[in-house]
Amino acid sequence: MSKFKIILFYKYVTIENPEKLRDEQREVCLKLSLKGRMIIAKEGINATLEGKVEDINRYLDIFLKDKRFADTHIKLSEGTGEAFPKLSIKVRNEIVASGVDGLDPNKTTGKYLTAEQLHSWIKGKKEFFIVDMRNDYEQRVGYFENSILSGIENFRDISKLLPKIKHLKGKTIVTVCTGGVRCEKASGFLVKEGFSDVYQLFGGIVTYMEKYPNEDFKGSLYVFDNRLVMGFNMDDQRREIIGRCASCDKPSENYINCSDDFCHRHFICCLDCTDENNKALCPMGCRDFSDEHRDVATM
Ligand SMILES: [Zn+2]
Ligand SMILES: [Zn+2]
């Protein structure tokens with residue numbers, strides 16, 4: 001068993017004084033040597049933290065004692081002690097920036113669907129559509145079979161998704177994202193846009209994969225820390241590598257940032273296509289393809 005644990009959680013609840021909570025949280029996290037990212041806003045709290053198992057447990061004891069957060073759903077995974085370089089706790093206007101004004105999950109959001117319920121819907125005959133609210137680069141290493149991928153570059157562009165799914169207004173929709181925090185807003189957004197039967201996957205893909213590893217969600221899950229991707233039961237025969245190297249199209253889950261200082265595009269590049277320091281220029285504009293193009297043209 002790992003000595004380290006990573007926790008992922010959010011809670012939409014009115015926070016009267018975000019600055020005060022930030023200072024309190026910083027004190028507790030520093031005392032327990034936790035690292036990670038936390039965003040606090042008037043609308044709630046969103047965090048990923050890593051620490052030694054006993055320190056994470058102590059943190060949760062303290063955090064869950066606060067009445068505002070008592071029923072927060074905590075997602076756990078094994079850590080390495082290296083998921084985050086430091087601790088960052090910030091106050092922002094929103095815990096997740098949606099780019100749409102007036103989305104308040106405390107007022108309007110989709111109905112919760114548990115992992116168990118979604119699993120039985122998938123196995124059954126019910127007609128429904130899974131809409132993946134994550135960013136396009138996250139979807140490249142894994143997704144639910146037969147789901148509709150948002151294809152957006154950033155959650156702030158969520159309204160660009162509407163033309164793609166407008167024919168589903170009268171159908172049953174289930175929104176999914178990593179841990180659920182984006183779906184609180186995304187599902188509320190669809191409700192406001194007139195979609196009549198909107199659900200959100202409670203606890204997100206993390207929770208689903210924990211319960212049903214390598215079943216309906218193919219590949220692995222992109223995460224926003226140094227791990228970059230996370231899988232469950234890695235030696236499971238059913239585990240597939242969904243990601244493809246952007247340069248040579250070989251299966252890969254190796255995310256890098258383009259080494260061009262003005263690009264920094266986040267993309268998948270296999271180890272054969274990176275240099276010895278795991279660096280490469282992206283093939284979407286930064287790498288000179290002229291020689292290879294000539295080869296192809298004369299073939
Ligand atoms: Zn490659
Ligand atoms: Zn580039």
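Author: Begin with the contacts along the chain. This is a predicted model. Of the contacts in the protein chain with a separation of 6 or more, 63% join residues 24 or more positions apart.

Reader: How many helices and strands does the secondary structure of the protein chain come to?

Author: There are eight helices and 16 strands. The radius of gyration of the chain is 20 Å, close to the 19 Å that the globule rule gives for 299 residues, so the chain is as compact as a globular protein of that length. Along the principal axes, the C-alpha atoms fill a box of roughly 70 × 50 × 40 Å. Buried residues account for 38% of the 299 residues.

Reader: Which domains does the domain assignment give?

Author: The assignment gives domain 1 (4-91), domain 2 (111-222) and domain 3 (244-299). Between domain 2 and domain 3, the C-alpha centres are 30 Å apart. Contact between these two involves four residues of domain 2 and four residues of domain 3. On the domain 2 side, the touching residues are two nonpolar, one polar and one charged.

Reader: How do I read a sheet?

Author: Start with the general idea: strands of a sheet pair through backbone hydrogen bonds, either parallel or antiparallel. In this model, five strands form an open sheet with parallel pairing, in the order β6-β11-β10-β7-β9.

Reader: Which strands stand at the edges?

Author: Those are β6 (111-113) and β9 (148-149). Each has a single partner strand, so one side of each is left without a neighbour in the sheet. For β6, parallel pairing with strand β11 (residues 197-201) runs over three bridges. One residue pair to look up is Lys111 and its bridge partner in β11, Tyr199.

Reader: Which helix packs on the sheet, touching β10 and β11?

Author: That is helix α6 (residues 181-192), which touches β10 (172-176) and β11. The direction of α6 makes about 175° with that of β11.

Reader: Why is helix α7 described as largely enclosed by the rest of the structure?

Author: The test is a count of neighbours: a residue is buried if 20 or more other C-beta atoms lie within 10 Å of its own. In α7 (residues 204-211), six of the eight residues are buried, so the helix is largely enclosed by the rest of the structure.

Reader: Which residues of α7 are buried?

Author: They are Gly204, Ile205, Val206, Thr207, Tyr208 and Met209.

Technical notes:
Residues are numbered from 1 along each chain as its sequence is written. Chains are lettered from A and ligands numbered from 1 in the order in which they are written. This is a predicted model: local features need pLDDT of at least 70, side-chain atom pairs count only at pLDDT 80 or more; totals for chains, interfaces and linings use all residues. Domain bounds come from an automatic or database domain assignment. Two residues are in contact if their C-beta atoms, placed from the backbone, lie within 7 Å. Ala, Val, Leu, Ile, Met, Phe, Trp, Tyr, Cys and Pro count as nonpolar, Asp, Glu, Lys and Arg as charged, and the others, Gly among them, as polar. A residue is buried if 20 or more other C-beta atoms lie within 10 Å of its own, exposed if 12 or fewer, and partly exposed in between; C-beta atoms are placed from the backbone. Helices (H or I, at least four residues) and strands (E, at least two) are DSSP runs, numbered from the N terminus. The radius of gyration is taken over C-alpha atoms; the globule rule is 2.2 Å times the number of residues to the power 0.38. Two strands pair if DSSP finds at least two bridges between them. Axes are lines fitted to C-alpha atoms, for helices over the stretch in contact, and angles run from 0 to 180 degrees between N-to-C directions.
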